[in-house]
Amino acid sequence: MVAIVALVITTFAIFFNAAAADPDLLQDVCVADLASGLKVNGFTCKDVANISAADFFSEGLAKPGLTNNTFGSLVTAANVQKIPGLNTLGVSLSRIDYAPGGLNPPHTHPRATEMVFVLDGELDVGFITTANVLISKSIKKGEIFVFPKGLVHFQKNNGKVPAAVIAAFNSQLPGTQSIAATLFAATPAVPDNVLTKAFQVGTKEVEKIKSRLAPKK
């Protein structure tokens, strides 16, 4: 009986570990062919004769991003779309810069857990569980915080100086859904009668929010 229980626990552990991130690679490398028209779950591989060190390199996170925008923050991704060599490796990074008062607004990553390491400044961060419990903390330079896969989370710079983090993900392309933009700036638009009932507000309030979140033309 003990042996059976141990076998079941081991099987579940292997299954959930495999399901927690991208599938494992089946060869040394599979550099993404971003120009290929073939649609697969991920990206097709370049011929190994055509790969180079450039496929595994990026300097995109070396410099702070510009934060002179509505939210006062900027996410600079280093995922498979920027580093083709990440294809099938199940990891990626981002750099997030925050102006004083800047916000990385509530969002989710449907395919990855996120871990942030503070490069500079201080941040108020948090995520909300499916039981609507807020787990939050203030973090500063050198500290780490984890946002579980799929849960709504945010980061806010309440300091008087800029802040920055490096974010690590257990997916080559974690995906991001900003809650406000998803609901109020979708194409086609989410019907007003859905949003007014969900948020218990009037049509004018919904239209006002939609106009503010509409893509700039």
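The face of helix α3 turned away from its buried side carries the exposed residues Asn193, Lys197 and Ala198; exposed means over 50% relative accessible area, buried under 20%, and partly exposed in between, with a 1.4 Å probe and protein chains only. The model is predicted, so local features need pLDDT of at least 70 and side-chain atom pairs count only at pLDDT 80 or more, while totals for chains, interfaces and linings use all residues. Residues are numbered from 1 along each chain as its sequence is written, and side-chain values use heavy atoms, with hydrogens and water left out. Helices (H or I, at least four residues) and strands (E, at least two) are DSSP runs, numbered from the N terminus.

- Helix α3 spans residues 192-199, and its buried residues are Asp192, Leu195 and Thr196.
- These three lie on the same side of α3 because they cover an arc of only 100° around the axis; the arc is that of the directions from the helix axis to the C-beta atoms.
- The cover over the buried residues of α3 includes α2 (179-184) and α4 (203-213), where contact means heavy atoms within 4.5 Å.

**Five-stranded sheet**

- Five strands form an open sheet in the order β6-β5-β8-β3-β10, with antiparallel pairing; two strands pair if DSSP finds at least two bridges between them.
- At the edges are β6 (134-140) and β10 (177-178), each of which pairs on one side only.
- Strand β3 (residues 103-108) runs antiparallel to strand β8 (residues 152-156), and three bridges join them.
- Within this sheet, His107 stands opposite His153 in β8.

**Strand β4 and its partners**

- β4 pairs with β7 in the antiparallel sense over four bridges.
- β4 also pairs with strand β9 (residues 163-169), again antiparallel, over six bridges.
- Glu114 has Phe147 as its bridge partner in β7 and stands opposite Phe169 in β9.

**Nonpolar surface patch**

- Met115, Phe117, Ile144 and Val146 form a nonpolar patch on the surface, with about 330 Å² of accessible area together.
- Patches are made of residues with over 30% relative accessible area and no salt bridge, joining like charges within 9 Å and nonpolar side chains (Val, Leu, Ile, Met, Phe, Trp, Tyr) within 5 Å.
- A salt bridge is a side-chain nitrogen of Lys or Arg within 4 Å of a carboxyl oxygen of Asp or Glu; accessible areas come from the Shrake-Rupley method with a 1.4 Å probe, and for residues only the protein chains shown count as cover.
- At least two residues of the patch come from each of β4 (114-120) and β7 (144-147).
- Met115, found in strand β4, is partly exposed, with a relative accessible area of 40%.

**Backbone features in loops**

- Thr187 and Pro188 are joined by a cis peptide bond with omega of about -10°.
- Pro188 lies in the loop between α2 and α3.
- Thr88 is not a glycine, yet has a positive phi of about 75°.
- The loop between β1 (73-78) and β2 (92-98) contains Thr88, which is partly exposed at a relative accessible area of 22%.
- Gln200, also a residue other than glycine, has a positive phi near 55°.
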